[in-house]
Protein chains: 2
Amino acid sequence: MKAISGGVTAAHGFSAAGVHCGIRKNKTKKDLALILSDVQAAAACVYTKNLVKGAPIYVTKAHVADGYARAVLCNSGNANTCNADGVEVAEKMCAMVAAQSELGLTVEDCIIASTGVIGQPLPLEPIAAGVPELAKALCAGDEGSNAAAEAIMTTDTVKKEIAFEFTVGGKTCRIGGIAKGSGMIHPNMATMLVFVTSDVAIAPALLQAALSADIKDSFNMVSVDGDTSTNDMVSVLCNGMAGNETITDAESADYKAFCEALAAVTTYLCRMIAADGEGATKLLQCEVTGAADKDTARVVAKSVICSSLVKAAMFGADANWGRILCAIGYSGADVDITKIDVSFASAAGTIPVCKDGAGIEFSEEFAKQILLEKEIRMLVSLNSGDAEAIAWGCDLTYDYVKINGDYRT
Amino acid sequence: MKAISGGVTAAHGFSAAGVHCGIRKNKTKKDLALILSDVQAAAACVYTKNLVKGAPIYVTKAHVADGYARAVLCNSGNANTCNADGVEVAEKMCAMVAAQSELGLTVEDCIIASTGVIGQPLPLEPIAAGVPELAKALCAGDEGSNAAAEAIMTTDTVKKEIAFEFTVGGKTCRIGGIAKGSGMIHPNMATMLVFVTSDVAIAPALLQAALSADIKDSFNMVSVDGDTSTNDMVSVLCNGMAGNETITDAESADYKAFCEALAAVTTYLCRMIAADGEGATKLLQCEVTGAADKDTARVVAKSVICSSLVKAAMFGADANWGRILCAIGYSGADVDITKIDVSFASAAGTIPVCKDGAGIEFSEEFAKQILLEKEIRMLVSLNSGDAEAIAWGCDLTYDYVKINGDYRT
């Protein structure tokens with residue numbers, strides 16, 4: 001497997017575009033994106049578990065119920081959530097894509113997504129103007145992926161794109177994706193918005209199984225602020241244009257190769273989402289080892305990454321490991337506290353700070369040096385088994401408060 | 001029932017003191033408190049559910065196992081948690097109190113509590129010097145309660161004291177308490193540290209039942225930062241000096257009168273703890289009505305109060321009600337989103353912002369005016385039953401980040 005350029009358009013037969021249509025007032029900020037597969041593609045999605053769901057979630061669920069889709073339309077600046085006419089608006093947006101006859105697709109071929117403020121009606125006029133523009137601008141190169149990645153950003157400060165090349169049954173395949181997500185990030189079944197495309201040939205049911213398994217160790221292990229969004233969605237489209245024999249066996253080497261490639265994309269995007277958490281100055285990674293089982297490892301890692309006190313300590317480069325123990329203790333996981341070891345690590349080195357659940361002497365100076373780096377690893381050994389998990393988050397900063405104290409105005 | 005002065009020494013037969021003994025470097029900050037009942041008192045405690053528990057929790061549990069106690073010793077500046085010698089140190093602290101022969105109590109009569117940094121050994125020398133000073137300084141008046149309330153403060157900015165007079169079986173009784181708590185506040189079974197005293201006569205088992213029931217609607221409904229502390233504890237001592245016939249019947253009017261008085265103390269202290277949350281500029285109160293059952297009401301209220309995004313919006317006086325709906329949606333409660341109404345209220349007025357789960361038009365200007373007040377009520381009607389609950393929290397501010405980004409240094 002090797003990283004390649006092209007993002008969401010790296011796979012054969014995919015093009016994308018992003019334009020400013022007017023949902024946002026700032027004319028320099030793109031706010032509408034389209035991703036298209038030249039041919040019908042196997043489609044799998046996972047959605048937020050929040051009971052309050054954006055209208056696009058309902059419409060997308062219906063459209064991918066048959067296991068296939070061809071296009072993704074996504075706007076930023078308005079979540080189309082808690083609006084009385086939300087579903088109608090989302091359906092009409094899909095119809096606008098289908099109305100571009102040169103694309104040759106139906107309303108049901110379209111996945112729809114929205115992100116932004118909750119509870120404000122989404123006007124259709126700018127979208128009606130933007131969709132034909134998008135259809136014209138579709139581009140299979142880097143440019144297309146870049147524009148789409150930019151158009152789905154909200155409080156994000158960087159575009160999030162990645163692509164890899166991998167081999168299935170002797171055929172070279174490509175998989176790539178774009179993501180947005182910076183605040184209201186505490187995915188439960190999916191993260192904010194992630195669109196992945198591949199030219200691998202795979203049966204829809206198997207694609208869904210691969211995605212549902214993947215998110216347990218990828219997006220569901222990310223938290224920026226503990227708030228599970230109403231509009232979270234990850235979608236994967238696989239159009240088969242790589243020409244491999246369609247993957248239909250969950251025990252096959254081909255399926256395994258695809259799952260690895262999918263994980264490479266999702267893990268990369270997870271790290272980008274966490275590192276670009278609202279106001280973040282640091283990427284935090286909690287690596288739990290020696291757990292009795294996988295669930296325990298996940299619960300412990302996630303609890304540490306979610307703790308406001310741990311996050312604030314990391315912002316201050318303060319090796320306050322007691323807060324990590326505290327977060328493990330209230331996680332709900334059944335662990336033996338007296339066996340826990342904790343170290344901090346970064347590009348500057350590694351320093352053990354807690355052994356068998358109690359503090360050990362360490363150089364505060366060296367700890368500070370380690371914690372002043374941009375990527376911090378919190379290493380937690382439970383010493384009770386072989387299971388492991390990794391969770392990603394970011395520090396809690398003044399800017400998180402600033403961004404969210406006045407988001408709408 | 002009427003509010004009276006005296007705090008934790010308002011009840012007959014109780015005295016208290018607070019001194020600076022040297023656990024903290026700042027000599028103007030008291031760091032050791034003692035509360036004493038002249039006679040044996042029925043004792044009930046509830047503790048953190050964090051698996052990582054401060055050593056004092058284990059020692060206190062053993063000492064009140066018989067249902068009685070006479071004294072509370074509490075230090076601030078060091079949590080005595082995650083220390084290899086923690087239990088031994090906590091036992092020795094109780095022994096130091098028992099060694100003051102003029103107090104006439106045993107080691108097992110002593111409740112012990114500590115609050116401060118986790119994982120740093122607690123030195124006994126300053127405590128050995130402080131305890132005799134405390135014994136000499138014990139005072140049954142306001143002064144004693146004030147000094148004790150001050151000595152247990154950490155990042156608290158105000159002392160937290162309250163007392164009420166109530167009547168049981170024709171006898172006037174008194175109940176009062178002190179509390180500390182500002183950060184690492186997300187109690188699960190109890191809050192940081194709360195010491196309540198009363199001169200009512202009540203059987204220990206009934207006292208424990210009253211306390212265990214009370215915290216479900218008081219301390220367990222408070223959150224400052226979502227972090228459940230390792231040292232949370234609420235203790236109640238009732239010494240019977242009011243002379244009422246001992247309360248032994250959970251169905252009696254006397255028991256009900258005591259429970260009401262207890263709730264008056266605990267609710268008051270909850271509001272004080274939330275309002276003094278680390279960095280807080282506002283007290284937030286989420287009032288849920290119309291729930292199908294009590295648990296649903298509690299879960300919804302707590303989820304709203306815990307949301308970082310809701311908290312940041314309130315800091316910015318931004319009527320971003322979509323975040324309230326979002327927090328209800330991921331709370332795990334089984335609610336019908338399409339029936340939810342939301343209003344904001346404060347001393348400046350009330351404004352409905354969401355009806356039947358969707359936005360309604362409202363004056364942003366008036367909403368801003370309401371949200372600029374010091375106490376904000378978020379009114380959530382689920383319109384699905386008669387159950388209600390209230391939760392307390394505070395806004396998320398720059399100062400929370402500042403306080404916790406560099407707590408130890």
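Reader: Thanks. How do E12(A) and strand E13 of chain A pair?
Author: E12(A) and strand E13 (residues 358-359) of chain A pair in the antiparallel sense, over two bridges. Strands here are DSSP runs of E with at least two residues, helices are runs of H or I with at least four, and both are numbered from the N terminus; two strands pair if DSSP finds at least two bridges between them. This is a predicted model, in which local features need pLDDT of at least 70 and side-chain atom pairs count only at pLDDT 80 or more, while totals for chains, interfaces and linings use all residues. Residues are numbered from 1 along each chain as its sequence is written, chains are lettered from A and ligands numbered from 1 in the order in which they are written, and side-chain values use heavy atoms, with hydrogens and water left out.

Reader: Which residue stands opposite Gly359(A)?
Author: Cys354(A) stands opposite Gly359(A) in E13(A). In the hairpin of E12(A) and E13(A), two residues lie between the strands, and Asp356(A) takes a positive phi near 55 degrees.

Reader: And what joins E11(A) to E12(A)?
Author: A hairpin through two residues joins them. Strand E11 (residues 341-346) of chain A runs antiparallel to strand E12 (residues 349-355) of chain A, with five bridges between them, and Ser346(A) stands opposite Gly349(A) in E12(A).

Reader: Switching to helices, at what angle do H2 and H3 of chain A cross?
Author: The axes of helix H2 (residues 86-98) of chain A and helix H3 (residues 125-137) of chain A cross at roughly 25 degrees and come within 9 Å. Axes are lines fitted to C-alpha atoms, for helices over the stretch in contact, and angles run from 0 to 180 degrees between N-to-C directions. That angle makes H2(A) roughly parallel to H3(A) (under 35 degrees is roughly parallel, over 145 roughly antiparallel, 65 to 115 roughly perpendicular and the rest oblique).

Reader: Which residues make the contact?
Author: Met93(A), Met96(A) and Val97(A) of H2(A) meet Ile127(A), Ala128(A) and Val131(A) of H3(A), where contact means heavy atoms within 4.5 Å.

Reader: What about chain B, at what angle do its H2 and H3 pack?
Author: Helix H2 (residues 86-98) of chain B and helix H3 (residues 125-137) of chain B pack at about 30 degrees, with their axes 9 Å apart.
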